[in-house]
Amino acid sequence: MPIEKRPANPIPKGTQPPLSKGHRVKDGENWNSVAKGASIDVWDLIEFNFNTRDPAEVNWYLRNNVGCVLHTADGKNYRFSSAAAPGIIYLPAIPKPVGPKPTPVSPKPDPAKDEEIQTLSTEIGDFLNVEKSLSWIDFYVGNTGRIHITGTGLRWIGDRIKDRTILVSVDDEELAQHGFYAMYKGQNRIDEATGTTIGGELVVGSSATHEGHFSGTWQTKYAIIHEAVHALLDARGLKVLSIRNECAAYIASVIYLRFAGIKVGSGWSDEFVQAAEIIEKFELYSKLGVHLSSQDIRPLAKAVKQFYGHSWASRDWDCDGLG
Ligand SMILES: [Zn+2]
């Protein structure tokens, strides 16, 4: 008989995890084959379903919630079959490319600067729309499948910068205070009074402009892709750990650097080096939809923690202007 242990607080039968889709198990399938088909680590998939990695608890769920009736050859575990009833497990669903559609905020009247900012916003938005390397940005971070960064999503952010849902500002002083090259300041998703969605703010340095236009250096392009990742997760209204948000931003923007021919190597801060190593290891420059588990990003997370501080890293992303 399979060894079973009843979990302390079992997930009720029929509970579907958020952002998931049901999968009917069949004869010949097993956790490995299903996980492989869904491009997810097998234990990540098990944890996604049962919130545990304890084999005895997994067996309990397989019999009680999935309705498995057959044993594996060694008799130690339950196995999938068409006879299982209801026989449903859950796979992480690919989240929609974008969150709720924000209502554009009316630009603040600022006569002297307004035209320049409008031009800068349009040109930054255009950059995100034409930048070819974004087509290769398509990966997941973390075990739940919620953090999905795509070029399509980043281009959508470009459009929100163009229509000024996300406002652009140039502020060297504010950046210097934080020691950042650029930053994204999220805002509350919903304005309680009006019920409308409010966008965020992208702060860039004066090096991003040249004679009234977007300077378009690789440094500023890098920074905009990095901040656009934060904006994308903000726009989806996702509450995610700061560390995962930051890792996602590094990975996406270092993919850009790779295509731009900028070699990340000695002399670079460790977050860049670790992001570059993940990109090579998982071939993120040529594979789409790769799931990076928390374990996969661990060296990068460690480097980011060292850079930003440990207490910050374990907090939820508070949309409060962290670079
Ligand atoms: Zn960041």
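## Helix 7, mostly under cover

Helix 7 is mostly covered, with 16 of its 18 residues counted as buried. This is a predicted model, so take the geometry here as the model's own. From its first C-alpha to its last, helix 7 reaches 25 Å, close to the 26 Å expected at 1.5 Å a residue. After the helix comes Gly237, whose phi is positive, near 70°.

## Where helix 5 crosses

What does helix 7 (residues 218-235) cross at roughly 90°? That would be helix 5 (residues 151-162), with the two axes coming within 9 Å.

On the helix 5 side, the contact is made by Gly153, Leu154 and Ile157. Helix 7 brings Ile225, Ala228, Ala231, Leu232 and Ala235. Sorted by class, that gives seven nonpolar residues, one polar and no charged ones.

Leaving aside residues up to four places away in sequence, Ile251 touches Phe139, Ala275, Ile278, Ile279 and Leu284.

## A look at Leu175

Over in helix 6 (residues 172-178) sits Leu175. Is Leu175 buried or exposed? Buried: 20 other C-beta atoms lie within 10 Å of Leu175, and the cut-off for buried is 20 or more.

Which residues does Leu175 touch, once those up to four places away in sequence are set aside? The list runs Phe180, Tyr181, Ala182, Met183, Val203 and Gly205. As for Val204, its C-alpha is 7.7 Å from that of Leu175, though the two residues are 29 apart along the chain.

## The whole chain

Stepping back, the protein chain comes to 11 helices and 12 strands. Of its 323 residues, 36% count as buried. Among contacts with a separation of 6 or more, 71% are between residues 24 or more positions apart.

How values were computed: Residues numbered from 1 in each chain as written. Predicted model: local features only at pLDDT ≥ 70, side-chain atom pairs only at ≥ 80, totals over all residues. Helix = DSSP H or I, 4+ residues; strand = E, 2+ residues; numbered from the N terminus. Buried ≥ 20, exposed ≤ 12 C-beta atoms within 10 Å, placed from the backbone. Contact = placed C-beta atoms within 7 Å. Axes fitted to C-alpha atoms, helices over the stretch in contact; angles between N-to-C directions. Nonpolar A, V, L, I, M, F, W, Y, C, P; charged D, E, K, R; others polar. Expected span 1.5 Å × (residues − 1).
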